[in-house]
Amino acid sequence: MSTQHPQDVATVDVDVIVLGLGVGGEAVAGNLASAGLDVVGIEDGLVGGECPYWGCIPSKAMVYAAARARTEKHPDWAPLAARLRELTADWDDTAAVDRLVDKGMTFVRGAGRITGVDTVEATGPDGARRFRARHAIVVGTGTKAFVPPIEGLAGTPLWTNREAIETTEAPASLAVLGGGAIGLELAQVFARFGTRVTIVENGERVLAVEEPESSDLAAWALGEDGVEIHLGVRAERVAHDGKTFTVELSDGRSIEAEKLLVATGRRVDLPALGAEALGVDPHAHALPVDGQLRVQPGGTAPAVWAVGDVTGQGAFTHVAMYQSAIVTKAVLHAAGRGAAGPDADHSALPRVTFVDPEIGAVGLTERQARAAGLSVRIGHADLAASSRGHITGARGFVKVIEDADRGVLVGATTAGPAGGEILGALVVAVRAAVPVATLRDMMYAYPTYHRAIESALADLDTD
């Protein structure tokens, strides 16, 4: 390994520096390199980021396997562990790196830090390197699992989502800190493989960012799988004796478990990124961006753009991919290669919690719509009352939120079997501001779960 320090190395001029090659950064780097720009991509983790290795892809494989395991007397974790190693290439990103290099990108393995509006320094196995961008820096450094400062927690063999997905066996017992999407999905998976699971959530409900009806359904579903949920309590102290975790709660109770999963959210590391060099408060929750996802304050070229989790618009792969198309066009425009595209519009943000039954949502929740001062009307349909729900015995619901002044939907939730798939129609309705009158006049296939959308729209009249 080289012992060079950044101040001792020469500066290499390139067209674009992409700092962070998660889903969004990888897409931007590949697009720009394919367009003929001189691109250097810097990544100290695995190219592709969280999604293909410890997020979307392996976790949904776990959800799928857990659905089958629920019907088995003695479900076996080993085939699932093998499948996860296959899906993630045993946590090896060689193929992803090769794809980018084949497109003409220069790859640098290392930790990058912005030192000026046009300069990034990278330190890795091959030593220190410095790059200066002619046209743009694109930041796609993502987020990391947040481990709260609970007494006794530091230094224990805790799990984040990464360790939970890499495990080669299901533990006998598992305590989960956090009742958000990640915590709920993994809790249900392990419960269905025979693990005794307990969730600790300091809020008054799980899945607190979604509708209360979604929280109720998720809590019911996990309860059916034997998951114990403690609401409105905090983990105050944690101890580990080499075999067992003991979590002391704020209500005086304590929980013992073989493993402890910390699923208390994710954070952007702006100090490590070098945000101060951009005039950004390193303690901010995200990089501030304009409609073109350009970091503010802007000004003279070369400019800095951001993509993915670091923009604070939601830690979802589809957000990063959506933003990558906007940033690609914006950077090409800055390089004199075509026009910029339309600004980003995150108003119809879709999201799915992959518990069983699935909970999909788009746009504003009822609470958010009322807080925004909208004239709100609510429509609700019970999936069990639909013909398909009656046939299958499914539980779930469709909820729609209308801005009555404009006569359009601003949010919706679809919960039930394939709730994320049903959501698609309502994403289009919210994004395109399709008039509610038009949605009511549509023909909905019978007997389908999505036909409950029609019932929810009809229910708007009774609000």
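Modeller: Fine. Bear in mind that this is a predicted model. Strands β11 and β12 (residues 245-249) pair in the antiparallel sense, over five bridges.

Colleague: Which residue is the bridge partner of Ala 239 in β12?

Modeller: Thr 246 is the bridge partner of Ala 239.

Colleague: And what is the strand order in that open sheet?

Modeller: The order is β11-β12-β13, three strands with antiparallel pairing. The edge strands are β11 (235-240) and β13 (254-257), each of which pairs on one side only. On average, neighbouring strands in this sheet are turned by 20° against each other, ignoring direction.

Colleague: Switching to β2. Which strand does β2 pair with in the parallel sense?

Modeller: With β1, residues 11-19, over four bridges. Within that pairing, Val 18 has Gly 41 of β2 as its bridge partner.

Colleague: Is β2 mostly covered or mostly open?

Modeller: Mostly covered: β2 spans residues 39-43, and five of its five residues are buried. In a regular strand, side chains alternate between the two faces of the sheet. For β2 both faces are covered, with Val 39, Gly 41 and Glu 43 buried on one side and Val 40 and Ile 42 buried on the other.

Colleague: Now the annotations. Where does UniProt place the "binding site" feature?

Modeller: The unreviewed UniProt entry places it at Lys 60, Gly 112 and Asp 309. These positions span 250 residues in sequence and the farthest two C-alpha atoms are 30.8 Å apart, so they do not all gather at one spot. From this set, Lys 60 is in the lining of the second largest pocket.

Colleague: Tell me more about Lys 60. Which helix does Lys 60 lie in, and what does Lys 60 touch?

Modeller: Lys 60 lies in helix α3, residues 56-69. Leaving out residues up to four places away in sequence, Lys 60 touches Gly 55, Glu 185 and Phe 354.

Colleague: Why does Lys 60 count as partly exposed?

Modeller: Because its relative accessibility is 26%, and buried would mean under 20%, exposed over 50%.

Colleague: Last topic, domains. What does the domain assignment give?

Modeller: Domain 1 is 11-143 + 268-335, domain 2 is 161-264 and domain 3 is 350-460. The centres of domain 1 and domain 3, taken over C-alpha atoms, are separated by 33 Å.

Colleague: What does UniProt place at residues 350-456?

Modeller: The unreviewed entry has "domain: Pyridine nucleotide-disulphide oxidoreductase dimerisation" there. Over residues 350-456 the chain is 33% helix and 31% strand, with the end C-alpha atoms 19 Å apart.

Key. Residues numbered from 1 in each chain as written. Predicted model: local features only at pLDDT ≥ 70, side-chain atom pairs only at ≥ 80, totals over all residues. Heavy atoms only, no water. UniProt positions renumbered as here; feature names shortened; annotations may be inferred. Helix = DSSP H or I, 4+ residues; strand = E, 2+ residues; numbered from the N terminus. Pairing = 2+ DSSP bridges. Axes fitted to C-alpha atoms, helices over the stretch in contact; angles between N-to-C directions. Domains from an automatic or database assignment. 1 Å grid on protein atoms, 1.4 Å probe; cavity = no way out; pocket = protein on both sides within 12 Å on 5 of 7 lines; lining within 4 Å. Buried < 20%, exposed > 50% of the residue type's maximum accessible area, 1.4 Å probe, protein only. Contact = heavy atoms within 4.5 Å.
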